Amino acid sequence: MSHAAPAGHEGSAAEREAKATMLVRVRSGLITEESVYGIVLVSGMIVVAGGYGATSWQTFLAVIGTVLVFWAAHVYAGTVAGHGVLEGDETTLSGAFHRAVRRSLGFLFAALLPCFVLLLGALRVIDDSVAMWTALWLGVVVLGVLGFSAFTVRGSSWPVRIAGTLGTAAFGLAMIALKAIIH
């Protein structure tokens with residue numbers, strides 16, 4: 001008796017392997033220290049802007065500008081640091097640049113959701129105050145998801161995953177506490 005794959009599932013093992021490879025690439029680009037740092041930077045910018053009474057539009061522009069400059073500086077530093085530093089290292093400048101860009105994508109992606117909420121405030125879809133606070137709380141959620149994902153990918157037990165989630169989210173909570181103290 002033959003155990004052939006059902007019609008339409010030819011190459012399913014290859015498809016699963018391709019999807020797994022894609023997941024590893026996405027995960028390695030998003031679950032990084034740069035992602036955590038990006039969210040903390042965005043949250044810090046929101047706290048500072050809110051301390052000066054900035055509107056959502058002003059905060060959005062400041063956050064986008066700051067994130068892009070920090071990202072570019074990170075890519076530059078990664079390129080310089082990764083280009084033939086060690087004796088016998090044949091990494092080209094282009095190779096070092098591409099590795100630095102891939103490595104730092106999480107920095108940009110981490111800023112997307114909070115910036116989207118700030119943009120909603122800037123466009124007057126929601127109130128400025130609601131946009132600022134929602135963006136900060138969204139940062140806590142994203143940090144928690146990053147922490148949970150990092151420990152899940154490593155096969156950690158549930159207590160460790162929960163501790164990792166809470167530990168990572170604590171950085172966002174610290175920013176919210178800072179905003180509450182400033183205001």
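**View A. Leucine 120 touches Val125 and Ile126, leaving aside residues up to four places away in sequence.** Touching, or contact, means heavy atoms within 4.5 Å. Welcome to a predicted model, in which local features need pLDDT of at least 70, side-chain atom pairs count only at pLDDT 80 or more, and totals for chains, interfaces and linings use all residues. Residues are numbered from 1 along each chain as its sequence is written, and side-chain values use heavy atoms, with hydrogens and water left out. Leucine 120 belongs to helix α4, which covers residues 93-122. Helices (H or I, at least four residues) and strands (E, at least two) are DSSP runs, numbered from the N terminus. With a relative accessible area of 22%, leucine 120 is partly exposed; buried stands for under 20%, exposed for over 50%, and partly exposed for what lies in between (1.4 Å probe, protein chains only). Serine 56 is 64 residues from leucine 120 in sequence, and the C-alpha atoms of the two are 8.2 Å apart in space.

**View B. The whole protein has six helices and zero strands.** Following the sequence, you will read the pattern α-α-α-α-α-α. The protein has 183 residues, and 35% of them count as buried. Among contacts with a separation of 6 or more, 71% are between residues 24 or more positions apart. Accessible areas come from the Shrake-Rupley method with a 1.4 Å probe, and for residues only the protein chains shown count as cover.

**View C. Helices α2 and α4 pack at an angle of about 35°.** Two packed helices are described by the angle between their axes and the distance between the axes. For this pair, the axes are 7 Å apart. Each axis is a line fitted to C-alpha atoms, for helices over the stretch in contact, and angles run from 0 to 180 degrees between N-to-C directions. The crossing of α2 past α4 is right-handed: the near helix is turned clockwise from the far one, whereas a left-handed crossing has it turned anticlockwise by less than a right angle. On the α2 side, the residues that meet α4 include Tyr37, Gly38, Leu41 and Ile46. On the α4 side, Phe107, Ala110, Pro114 and Leu118 are among the residues that meet α2.

**View D. Salt bridges that share partners join Glu33, Glu34 and Arg103 into one network.** Side chains of opposite charge can pair when their charged atoms come close. Here a salt bridge is a side-chain nitrogen of Lys or Arg within 4 Å of a carboxyl oxygen of Asp or Glu, and the count by this rule is three. Glutamate 33 pairs with arginine 103, their closest N and O atoms being 2.7 Å apart. This pair links distant parts of the chain, since glutamate 33 is in helix α2 and arginine 103 in helix α4, 70 residues apart. Arginine 103 also meets glutamate 34 in a salt bridge, at 3.8 Å from N to O. Because arginine 103 lies in helix α4 and glutamate 34 in helix α2, this pair ties together parts 69 residues apart in sequence. Glutamate 33 is partly exposed at 48% relative accessible area, and arginine 103 is partly exposed at 35%, whereas glutamate 34 is buried at 5%.

**View E. Aspartate 128 forms a salt bridge with arginine 124.** The closest N and O atoms of the two are 3.0 Å apart. Aspartate 128 counts as buried, with 18% relative accessibility, while arginine 124 counts as exposed, with 54%.

**View F. Tyr37, Val69 and Phe70 make a nonpolar surface patch of about 300 Å².** Patches are made of residues with over 30% relative accessible area and no salt bridge; like charges are joined within 9 Å and nonpolar side chains (Val, Leu, Ile, Met, Phe, Trp, Tyr) within 5 Å. Tyrosine 37 sits in helix α2, residues 33-51, and is partly exposed at 43% relative accessibility.

View G. Apart from neighbours within four places in sequence, threonine 79 is in contact with Leu93, Ala96, Phe97 and Ala100.

**View H. Serine 156 lies in the loop between α5 (128-153) and α6 (158-182).** Serine 156 is buried, its relative accessible area being 17%. Phe151 and Arg161 are in contact with serine 156, again leaving aside neighbours within four places in sequence.
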